[in-house]
Amino acid sequence: RIGTDGSVKDVWVNKVMKNHHGGVILLGDHLYGYSDGPGWICQSWDTGEEGWIHAPYVCRAEEQYIMYYGGGPSADGDFQICAASSPEGIHFDRILNADGTSGMFTGPCVARDPMVIRHGSDHIIYYAADEDGTGVIAARTAPDPVGTAWSDYRVVSRGGFCGVERASQQCPFVIQLEGYFYLFKMAGSHLYRTGVYRSEDP
């Protein structure tokens, strides 16, 4: 930024995007570009903070398509789960709160990898998270897929073959079959293994 005295000052500096050979485009108030290592990155033009759409999950509900996704860190530091909607399942718009933010809820710690099922009159969202430094699969419930508050989280799985380290639990997926609920979960990315767990309740 050029000051009134002709001096030049940094607006912001960080190492989020390492666009070694790639170009960067400005669309609205966000920068988009390819970064060595993590791949495609979105950053705020004003602050340099990284935008996130992590591990989206799309389902059909209430005559529209809902995309749930990990939304990166919120104001309190915990990562959040967000949602977007689309009438045709191709072009999605973020579902915003009254204050203009998109987070439905945060935490515990690094909330990510959401998926949703309907059970009776409730919707259950399963997602990977970390509680007290231990990787877990958490769940919350709500009567509607969007627009109503989600319950406090409950840990539905921890440990097992995935281990107990932070980020050791990944990508939960739940199906109901012949009276049982089956949870598929993946160990941390260094293992690339999927385990299946069975329960009589969700």
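1. Let me start with the pairing of S7 and strand S9 (residues 103–106): the two run antiparallel and are joined over three bridges. Within S9, Gly103 is the bridge partner of Cys82. Please keep in mind throughout that this is a predicted model.

2. S7 also pairs with strand S8 (residues 93–94), again in the antiparallel sense, over two bridges. Here Ser85 has Asp93 in S8 as its bridge partner. The two strands form a hairpin with six residues between them, and Gly89 in the turn shows a positive phi of about 85°.

3. Another partner of S7 is S6, with seven bridges between the antiparallel strands. Pro73 stands opposite Phe79 of S7. This hairpin has five residues between its strands, among them Gly77, with a positive phi near 100°.

4. How many residues of S7 are buried? Eight of the eight are, so the strand is largely enclosed by the rest of the structure. In a regular strand, side chains alternate between the two faces of the sheet. On one side of S7 sit Phe79, Ile81, Ala83 and Ser85, on the other Gln80, Cys82, Ala84 and Ser86, and all are buried, which leaves both faces covered.

5. Now the core. The largest nonpolar core has 28 residues, and those with the most contacts inside it are Ile66, Tyr68, Ile117, Ile125, Tyr126 and Val174. Strands that each supply at least two residues of this core include S7, strand S10 (112–119) and strand S12 (134–142). S11 gives the most, with six residues. As a general reminder, nonpolar side chains in soluble globular proteins tend to be buried together.

6. His123 deserves a look too, as a member of strand S11 (residues 122–131). Is His123 buried or exposed? With a relative accessibility of 8%, His123 counts as buried, because the cut-off is under 20%. Its side chain reaches the backbone oxygen of Pro143 at 3.4 Å. Beyond its neighbours within four places in sequence, the contacts of His123 include Ile117, Arg140, Asp144 and Trp150.

7. Finally, the cysteines: the structure holds zero disulfides. Cys162 is buried, with a relative accessible area of 3%, whereas Cys171 is partly exposed at 39%.

Definitions and conventions
Residues numbered from 1 in each chain as written. Predicted model: local features only at pLDDT ≥ 70, side-chain atom pairs only at ≥ 80, totals over all residues. Heavy atoms only, no water. Helix = DSSP H or I, 4+ residues; strand = E, 2+ residues; numbered from the N terminus. Buried < 20%, exposed > 50% of the residue type's maximum accessible area, 1.4 Å probe, protein only. Polar contact = N/O pair within 3.5 Å; in protein donor to acceptor, adjacent residues only side chain to side chain. Contact = heavy atoms within 4.5 Å. Core = buried A, V, L, I, M, F, W, Y, C linked by side-chain atoms within 4.5 Å. Disulfide = S-S within 2.5 Å. Pairing = 2+ DSSP bridges.
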